[in-house]
Amino acid sequence: MNSELLTVKDLNVRVEDKEILNDVNITIGEGETHVLMGPNGTGKSTLGYALMGSPKYEITGGSIVFEGKDITGESVNERAKSGLFLSFQNPIEVPGVSLSSFIRSALEQRSGQRIKLWEFKKKLKATMELLNMDEEYADRDLNVGFSGGEKKKAEILQLLMLEPKLAILDETDSGLDVDAVKTVSAGISEYQKRCNGSLLIITHSTRILESLKVDKTHVMVDGSIVKTGGPGLVDEINEHGFV
Amino acid sequence: MEENKTYVQDIDRSLYDFRNEDADAYRFEDGLTEEIVLQLSEEKNDPDWMRELRLRSLKLYNEINVPDWGPSIEGLDIDHIATYVRKNTKMADNWDAVPEEIKDTFEKLGIPQAERKSLAGVGAQYDSELVYHNVRDDVAKQGVIYSDIESALRGEYAQLIRDKFMHLIPPDDHKFAALHGAVWSGGSFVYVPKGVKVDIPLQSYFRLNAKGAGQFEHTLIIVEEGADLHFIEGCSAPKYNVANLHAGCVELYVGKNARLRYSTIENWSKNMYNLNSKRAIVEEGGRIEWVSGSFGSHISYLYPMSILKGDDSQMEFTGISFAGTDQNLDTGAKVVYIGRNTSSYMNTKSISKGGGVCTFRSSVVVNRSAENSRTSVSCESLMLDDISRSDTIPAMDIRTSKADVGHEAQIGKISDEAVFYLMSRGMSEEDARALIVSGFADNVSKELPLEYAIEMNNLIRLEMKGSIG
C-alpha cells in the first residue's frame, strides 16, 4: 500500500437527528482509486458530503485524517485548500458568474496568487477539448442552463484545473449517455495520470469503471461498510448484487 | 487614488466618508421662510418668472402634506435643514482654479481623472453650487450646451428653459417637488441639437459636504430630434449624525427618434433622506434608457417616470438597490403610455441585508390611446439574512385590450448549498457570498459605464465585508 492520504476512522454522521453513518472506516493511499458502491439511500453521498465538511452533516464520532492532519473540525474551504475535492451529484447554478472566471478565482484563492490570464486560458481551452466541451461554455454562467451531461463535464473540468490530491466523485456517471460516460471517464483517467490523484468514486453502476484502474472496492449497506475487496469485487457485485 | 478605485480589496469606506470643515461657508439660517426664498432668489439674480415660481412653490410646500405611504421620514425635521449652503467660491472651468479643499474632495472621488479618460464633459457640484464645469471642445463645436442652470437662465436658451423648467415635474406634484421649486440651486443644463450624436458620455457629480444641509440641484436635459446622449450622474456625501436632505429634480426631454441614456450611481451617506424626482417625456420613435444604482441614503423615495408620448417610443429601466442596516430604500419606476406601439422594459434587482428594507414599487399606466403597446416588468430580490426585508408593489392600470403586459417577481435567499458548493472549491464563506451577490447584480453592472461597474462591485464587496455571523 502507498503512503496514507486519507484515513477515516469510526466515522459516525447524523443529519437532522437521523443517524446515517455508523463506524465507517476507509483508508485511501496516494494515487489509489477506491470505489464505493451500495444500494440507493444507504449513506454513500452522506460520506462524500461529510468528508468535504458540509455543515448540514454533523459528525458525532470518529475522525477524518488527511495527510496526517486531523481535519474533522476544519471548514469546507480549508479542506479544499488542503487538496480535497467533491464533484457534486447536482452541481449548483450560480447566475452572473462565468465558468472560467469561477475556476480562475478558485485557483487564485487556493494559491493566494494571481493567475496569469494567458496561461490559464490556454490550459482551460485544452482541458475543455479533452472533455468535448464547446468553448463557449467557458463564458456561460456557472451551470446555468447546462444539460445534466454538461454539468458533470464542468465538474470534471474543475477537477482537472484545480488538481486536488483527492477527488470524491459523487454519482458523476448518473444520468449520462454512453458517449458522455466515456468522455467523463477519460477525464478521470487523465486526472489519475496527470496528478497521480487519488479517487473515491461513489457509484451504483459500473459503466464508469470499465476503463479505469481500480485499487479497492467498498460496499456500503445501511450506513456501514459491509465488505471491502479488490477490483474483482465489482464483477462479483454485478453478478450477485450487493448482499 | 486611482488604485483605490480599481483594486477591490483596497477600498474602504473612508473613500466616501471624509468630510471638510465648513466654517468659512456662507450659510442661511435653518428652516424655510419667504425671506429665505427671496434672499436666495436675489442672491442668484433670478429672472422675475423664476422668483415667482419659487414663491408659488413655497406656498404649495406649506400646503401639501408629507407622503402618507412609503418609508417614514419623521427623522427629517425640515425646520432644521439649512436650505442653502454655499462655499464662497465661483464656478471654474479650469480644474486648477477650483479651491484646494473642494478639489481635494473630488480628486479623492476620482474626478476629474474620470474626465481625462473617458468623458465628453464634467460638472461637479459641491453642496448647493456647481464648482466645476467643462465640456470638451469638439463636443462644444457640435453645438452641445452643457452648463449650470443659472448661467443658462441668462443665456441663449433662456426662453427654452422657461418653457421647460418644472413643466414635467410641476411644483404641485408632491411636497418635495414644491420644496425643490422654492429652493432649487445648482445642477446642469444640457442641450443636444438636432441630429447630434455625442458618442462619449457627459457626467455630473454631486457632493453634499455640509452638515444638516439640503441639496436641491436641477437637471434639465433636452435631446433634440435624432440626437443621442449618454448622461452620467454620481452622488455622494460624508456621514454626519444629523439628517441631510436631497430633493433634486431631473427633467428629460427626448425628441423624435432621439435616444437618451441616463445613468446614476447614488452613494449618499446613510443619514441622507433622498427624495428625488426624475421624469422623462419621449416623442415619436424616441428612446429613454435609465440605469440606476442606489446604495446609500437612510431613506430613499425614487421612481424615475417615463411618459411615452409619441408613437413607437420606448423606455428601458435597469435598476439595482442595496439596503443594509438602517436603510429603507423605496425605489422603482413609473411609465405612462400614450402613443401607439410603445414599449417598456423594467429589470430591477434588490439586495437587502442586516435588517435593511428594499421595496420595489412600479406603476404602469397604459392609456386607451396606447394600442399595441408592450410592457414587461421583472424584479428579483435577494435577502442575505432573516432580519432583512424585501417587498414588491407592482401597480398596473391598463385601459386598452390591445396591450401585451407581463410581470415577474422573484424573492430569494442565498442557498446554503450554493455557499457550500463555492467553498468546496476553496473560497472563504465571505468570498462565496460576495461572489453570489455580485453574480446576482451582474446583468445590471453590465449596463453601467465600466468605471461605475467597478465602483458598484467595490461597493458590494464593501457591503458584504463582515456580513458573516
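## Polar contacts and the salt bridge

Between chain A and chain B there are seven residue pairs in polar contact, both residues at pLDDT 80 or more; such a contact is a pair of N or O atoms within 3.5 Å, where within protein one must be able to donate a hydrogen and the other to accept it, and residues adjacent in sequence count only if both atoms are side-chain atoms. This is a predicted model, in which local features need pLDDT of at least 70 and side-chain atom pairs count only at pLDDT 80 or more, while totals for chains, interfaces and linings use all residues. Residues are numbered from 1 along each chain as its sequence is written, and side-chain values use heavy atoms, with hydrogens and water left out.

One salt bridge is found across this interface, the term standing for a side-chain nitrogen of Lys or Arg within 4 Å of a carboxyl oxygen of Asp or Glu. Its partners are Arg425(B) and Glu155(A), whose closest N and O atoms are 2.7 Å apart.

## Extent of the interface

Counting heavy atoms within 4.5 Å as contact, 31 residues from chain A and 17 residues from chain B take part.

## An aromatic pair between chains

Rings of Phe, Tyr and Trp (its six-membered ring) pair if their centres lie within 6.5 Å, and planes under 30 degrees apart count as stacked, over 60 as edge-to-face and the rest as tilted. The structure holds 17 aromatic pairs over all chains, among them the stacked pair of Tyr49(A) and Phe420(B), with 5.5 Å centre to centre and 25° between the planes.

Ring pairs also link Tyr49(A) and Phe420(B) with Tyr57(A), Phe88(A), Phe102(A) and Tyr421(B) into a cluster.

Definitions and conventions. Chains are lettered from A and ligands numbered from 1 in the order in which they are written.
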